[in-house]
Amino acid sequence: MSEESAMLAEQDLKLVDALQAAPRASWSTLGQALGLGAVTAARRWDALVDRGDAWLTAYVGGELTAQLSLAFVEIDCEPGAVLSVASALAADPRVATVEYLAGPCDLLAHVVAPTVRELGAHVPAVPGVVRTRTVLSPRMFTEGSRWRVRAISPGQREALSAKPARHRAPLRFGDTDRALILALGADARASAASLAASLGVGATTVRRRLDTLLGRGAIRIRCEIARSASPAPVTVTLWLRVPPDKLETTARSLAMLPEVRMCAALTGAANLMLVLWLPSHHDTVAVEALLAAKLPWLEITGRAVTLRSVKLMGRLLDASGRGTGRVPLDFWAAAPVPEHGDRSGDRPGG
């Protein structure tokens with residue numbers, strides 16, 4: 001794995017950071033915050049997307065995640081079969097992310113489904129798979145939508161960021177909302193009128209639901225950057241064991257670290273998973289030393305470095321981590337029918 005990062009130009013990094021703060025803001029608003037014209041900002045973004053250096057992703061978040069189940073599936077493959085297995089997994093709309101690791105397994109897949117029962121049914125029997133181990137995640141403490149490039153000032157970010165909405169009534173989620181999320185996955189900046197036309201409902205209805213779902217964080221839209229174009233091109237995953245009575249406070253402390261991309265509770269022997277984005281894999285040593293000093297009760301039980309991200313939250317990636325296509329994040333899609341002669345050796349909950 002090359003750690004050389006053909007990092008984006010400073011102005012492009014600022015544009016990505018601005019879109020991380022306000023992914024649906026108008027080009028005039030974004031341009032004004034960055035000292036650019038609206039046309040220039042839009043043109044620079046289109047160039048980034050065309051090169052696969054950056055893109056927008058939309059998916060379920062917030063209180064709606066309580067209606068879904070998440071699992072991390074560790075997969076061991078036959079020699080020479082890793083990338084073909086990864087490609088087959090990446091085609092599944094419920095497999096959000098697939099990574100090829102140097103670590104305790106060959107592949108790590110993030111799988112989302114409506115129920116725990118369906119998680120097991122949705123790990124396909126792919127030729128080349130030797131063994132799988134599935135661990136459930138009962139809670140996500142932080143995830144990629146909160147990670148920032150940190151290229152703009154805190155004041156610029158604050159000016160762009162929407163204030164969280166305060167709602168107390170339970171959120172109802174129906175077929176139209178599901179269709180809206182899938183439509184935003186195809187074009188996260190689509191206008192309400194365009195979305196309404198594609199869904200066959202009124203623009204006022206779409207605008208009202210968008211305001212509600214985005215305001216409550218029930219739809220997350222995030223701006224991604226290709227690892228090879230990022231100031232932090234290396235992905236490191238740590239499996240942690242923490243005393244149960246310290247799990248909440250530990251996870252909240254970890255979520256505050258700028259290097260942290262994701263922190264999730266697990267049901268296995270390790271009860272936390274931490275994903276870091278770092279300038280180099282050598283930086284892992286310093287991060288681990290920081291964790292030991294700050295959280296001495298924390299035990300690191302496993303480590304992995306990502307050799308290649310094959311899919312990241314629905315986006316298909318090439319060998320350099322650039323976006324090449326997408327698979328809709330349809331977590332409600334029907335589970336695949338298992339093939340005869342399953343050799344996966346699946347052992348859920350391992």
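This is a predicted model: local features need pLDDT of at least 70, side-chain atom pairs count only at pLDDT 80 or more; totals for chains, interfaces and linings use all residues.
Visitor: Before we begin, how are residues numbered, and which pLDDT do local features need?

Guide: Residues are numbered from 1 along each chain as its sequence is written, and side-chain values use heavy atoms, with hydrogens and water left out. Side-chain atom pairs count only at pLDDT 80 or more, totals for chains, interfaces and linings use all residues, and local features need pLDDT of at least 70.

Visitor: Which residues of helix 4 are buried?

Guide: Helices (H or I, at least four residues) and strands (E, at least two) are DSSP runs, numbered from the N terminus, and buried means under 20% relative accessible area with a 1.4 Å probe, protein chains only. In helix 4, which spans residues 82-90, the buried residues are V82, V85, A86, L89 and A90.

Visitor: Within what arc do the buried residues of helix 4 fall, seen down its axis?

Guide: The arc is taken from the directions from the helix axis to the C-beta atoms. The buried residues line one face of helix 4, because they fall within an arc of 135 degrees.

Visitor: At what angle do helix 8 and helix 9 pack?

Guide: Axes are lines fitted to C-alpha atoms, for helices over the stretch in contact (heavy atoms within 4.5 Å), and angles run from 0 to 180 degrees between N-to-C directions. Helix 8 (residues 192-199) and helix 9 (residues 203-215) have their axes 8 Å apart, and they pack at an angle of about 115 degrees.

Visitor: Which residues of helix 9 make that contact with helix 8?

Guide: Helix 8 contributes A192, A193, L195, A196 and L199. From helix 9 come A203, V206, R207 and L210.

Note on methods:
Buried means under 20% relative accessible area, exposed over 50%, partly exposed in between (1.4 Å probe, protein chains only).
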